[in-house]
Amino acid sequence: MIIPNIKGIIDRRILINFQVDNEVLESYLPDPFKPKLINGKGIAGICLIRLKEIRPFGLPKQIGLSSENGAHRIAVEWIENGELKEGVYIPRRDTSSKLNAMAGGTIFPGVHHLAEFSVEEAEGKYKVAFHSDDKTSLSIVAKETPEWNKKSIFNSLESVSDFFKNGSVGYSPDKNTFEGLELKAHNWNLSLLEVDKVHSSFFEDQSIFPKGSVKFDNALLMKDIEHEWIGLKRIKRTKNTL
């Protein structure tokens, strides 16, 4: 079964991005996915996204749903029908919506963990956190800035924008397959965030990511993006490595 096409508004999207050692990601990722590298490093992170007016394509926005969501993402490449593809592998998703949690794998791809979100936004400052049903947690304190992080592995805002725009396809693990979804943004605008504090229990788990293998790179902001989610054909697992 292919996930049905849905549409709505990305009210706010924060992308928190880390550099990760290539060999760590290679050992973690299931086949057929391989890390997509920038200057020898893998890129992983968390997408904190508030959606509104979400509904199946063709239905009025008045019936659309709103929710806060978090997706842990790893930039990947893979071979499909002899062609090199790129996108993101999403090992876990978290949501404030009970419907999203119940409908994961039918309306929305992958397992969705029900989580409690706290959000404070004012005058270009953002404080977003969640705690999920299995004790996974994340928090970020950040503010809008025009200044590029010179320690980033990327050369510029334009280069990191192109990187994420090209990685619009995401796959989430199911029992025997990977469920696919493509983001089609009708407008694409990224701006910069300066991060004061960031915590991720997932990326701080040293059983997966040994000490020193993960380094913060940058944080980005998107707002008011009209979009569609397009369901894709599933990819069959070749190895159950996770």
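Visitor: In strand S13, which residue is the bridge partner of Lys 184?

Guide: The partner of Lys 184 is Glu 228 in S13. This is a predicted model, where local features need pLDDT of at least 70, side-chain atom pairs count only at pLDDT 80 or more, and totals for chains, interfaces and linings use all residues. Residues are numbered from 1 along each chain as its sequence is written, and side-chain values use heavy atoms, without hydrogens and water.

Strands here are DSSP runs of E with at least two residues, numbered from the N terminus, and two of them pair if DSSP finds at least two bridges between them. S11 and S13 (residues 214-236) run antiparallel, joined by 8 bridges. S11 is also antiparallel to S10 (residues 169-173), with 5 bridges, and a hairpin of 3 residues connects S10 to S11. Across those two strands, Pro 173 has Phe 178 as its bridge partner.

The whole structure holds 16 aromatic pairs, meaning rings of Phe, Tyr or Trp (its six-membered ring) with centres within 6.5 Å; planes under 30 degrees apart are stacked, over 60 edge-to-face, and the rest tilted. Tyr 89 and Phe 178 make an edge-to-face pair, 6.0 Å centre to centre with 80° between the planes. This pair links distant parts of the chain, 89 residues apart: Tyr 89 is in S6 (residues 83-95) and Phe 178 in S11 (residues 177-185). Phe 178 counts as buried because its relative accessible area is 0%; the cut-offs are under 20% for buried, over 50% for exposed and partly exposed in between, using a 1.4 Å probe and protein chains only. Tyr 89 is buried too, at 0%.

Notes. Helix = DSSP H or I, 4+ residues; strand = E, 2+ residues; numbered from the N terminus.
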